[in-house]
Amino acid sequence: MSHPEKRHKVNLFRPKEGHMRDEVHIILAILFGWGVCTFGFQFLVYACRGTGAGSLLTRLTLFNLPLHFWFTGQFLPLWFIVLCVIFNIYVDRISEYHSRKRDKSYE
Amino acid sequence: MNDSSWSIFVVLLVLLSFILVGLRQKSRESQEYGFGGRYTGRIGGGAAIASNWMSAASLMGLAGIIYLRGYQGLAYVIGWTGGYVLLLVLLASQIRRFGKFTTPEFVGERYGSPAARLIAAVIAIAISVIYCVAQFKGIGLIFSFMFDIGYEQGVTYGALAVVSYLVVSGALGVPRNQQLQYLVICVAFIVPLMWLARKLGYFWLLPQFGYGRALTDLSREFHVDFTLPFAGDSLFEWCALCFTLMVGTGGLPHVLSRFYTVPNVRDARWSVVWGLFFIALIYWSAPAFAVFGRLLEARQGIAFTPETARATADVIALKTALMAGLPGWLVGVLAAGALSAAFFTVAGLLMTGASSISHDIYYSFVNPKASETSRMQVAKGGTLVLAALVLLVALNPPGLIAEITAVAFALAGNTIFPLFLLGIWWDRANRYGAIAGMFTGVLCTVAQPLFGGVLPGLTSYFPVTASALCGAPLVICVMIAVSLATPAPPEEMRRFLEQEVHGHLD
């Protein structure tokens, strides 16, 4: 960080304006959704052990599976697919937007 | 024919059909290039990603570890699917735009250092070898199951079969049709499961949901609570394992190089989604085998002790099919699916490893003047040496299939993932940081087996199958610190990163 004048910079946490900034925003949003559902849910199950909420999580059933087992074993893989679809749709959209913008500036 | 000869017959039929279809495809490809199967759209690309991914760990190991450890085993399901999210959002399009096909090539180019490239090649080969050990265990178990022989004999015959397949397909120039492979593997896994669910009287059309009732029956009839969260293991262990498998997925060399088989970045991204869907189809099904297996064992009065369970865990899918009295040919179909998954993973990894020995180590480092013929010979010799090495370790496998595979993921997550992540997202990362990072990553991976006795604290933070939760962030910190303390990488590379890899639309 001692050369602030460098022309060429790539940094996930300081994206440059335009396409990269939009892309980084969606990346961070997707990673948030990924982390919270994967690890946040496990923390919740762990933290609620022995309490009423805990037994709600482990006794309530969905498709005959306890809620926590269903969430982890069946819902999370589906959630990952959903996240990937959202990411792709969004990136397709911003790519189109920015390439249209760029083409105009070249005209 | 009895059951085991049916299995052998079906397995041989499947392997032969791959060679025949490959040959047919090859003769057609010369006339209509690209039609026969190399690329057939996003769904085809996804099937290729999934078939590249499917191995003995997915088809045998996953059911085994869930059978053995219940809820803790689900960390594998989540780790091996959630990793694709990381891969897609952080790496897929960027490494494609970077334009280097293999891990050592990327590292050599990005960090501008032959030494870094050499270390990356050695690490990539080590990952392949560990991964292959797990596959060999799977192949050995299936062979000993089919021919009714001991495990050591099974794994030796299996190794011979793989090497002869490589020789035959190499001599005939048979292309790998990964879409067809995926279809065969998927059908071979799910059809027996449906049959099983139907035979046991559960909802068979979607056994992935039908096993819920089996779980209820298991706890009602036998008081086995399969789903208890964090019963034998802590929250940290669950999360560490899950995270390790995720970052490992993002760093596995043979997964990273998949993005070059589709024609453009957009299709590469969408084929990841399809690939993940196809992988999830198998991963939703694997727990069902585990649950049915436990239920059938309990009903037949077989005691579940840790030792016996560990011994049968890796073949639980096949054993369940046998216990339920499925017809012999169907057990054969299941064995054929698992065997072809393991077989083609090994074939692909051995070939990649050998070409890495010949190209990244021999040609680039030892003898840059080597002729095409001598490089070819080194590659062929490399295949044999790698296969022999893998066989040697696999004769006395150090753990369950899923556990051995997890070690390969830990190594990939500790070394290659940080290297790619910073290489793509931080222009200041340089060769010194990369080399220091790789050494730190290797140390983190081997911390428990090598230094666990001296420093017991390491065992809890860097468990051998799950070292990347602490390891990968540590490696990233080391890379950042060393890079900042040493000269910046050349301006040319930083411009390339900004303009070509990230600035393609500005």
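This is a predicted model: local features need pLDDT of at least 70, side-chain atom pairs count only at pLDDT 80 or more; totals for chains, interfaces and linings use all residues.

Biologist: What makes R269(B) and D92(A) a salt bridge?

Modeller: The rule asks for a side-chain nitrogen of Lys or Arg within 4 Å of a carboxyl oxygen of Asp or Glu. For R269(B) and D92(A) the closest N and O atoms are 3.0 Å apart, so the pair passes. Across the interface of chain A and chain B, the rule finds 3 salt bridges.

Biologist: How do you know how much area the two chains bury?

Modeller: Good one! The size of an interface is often given as the accessible area lost when the parts come together. Chain A and chain B bury about 5200 Å² between them, and 68% of it is on carbon and sulfur atoms. In chain A, H8(A), V10(A) and F69(A) lose the most area to chain B, together 15% of what that side buries.

Biologist: What is the confidence like along chain B?

Modeller: pLDDT runs from 0 to 100, and the mean for chain B is 89, with 96% of its residues at 70 or more. Confidence is highest in helix 20 of chain B, at a mean of 96. Over residues 30–37 of chain B, however, pLDDT stays under 50.

Technical notes:
Residues are numbered from 1 along each chain as its sequence is written. Chains are lettered from A and ligands numbered from 1 in the order in which they are written. Side-chain values use heavy atoms; hydrogens and water are left out. Buried area is the accessible area (1.4 Å probe) that two parts lose on being put together, summed over both. pLDDT is the predictor's confidence in each residue, from 0 to 100. Helices (H or I, at least four residues) and strands (E, at least two) are DSSP runs, numbered from the N terminus. Contact means heavy atoms within 4.5 Å.
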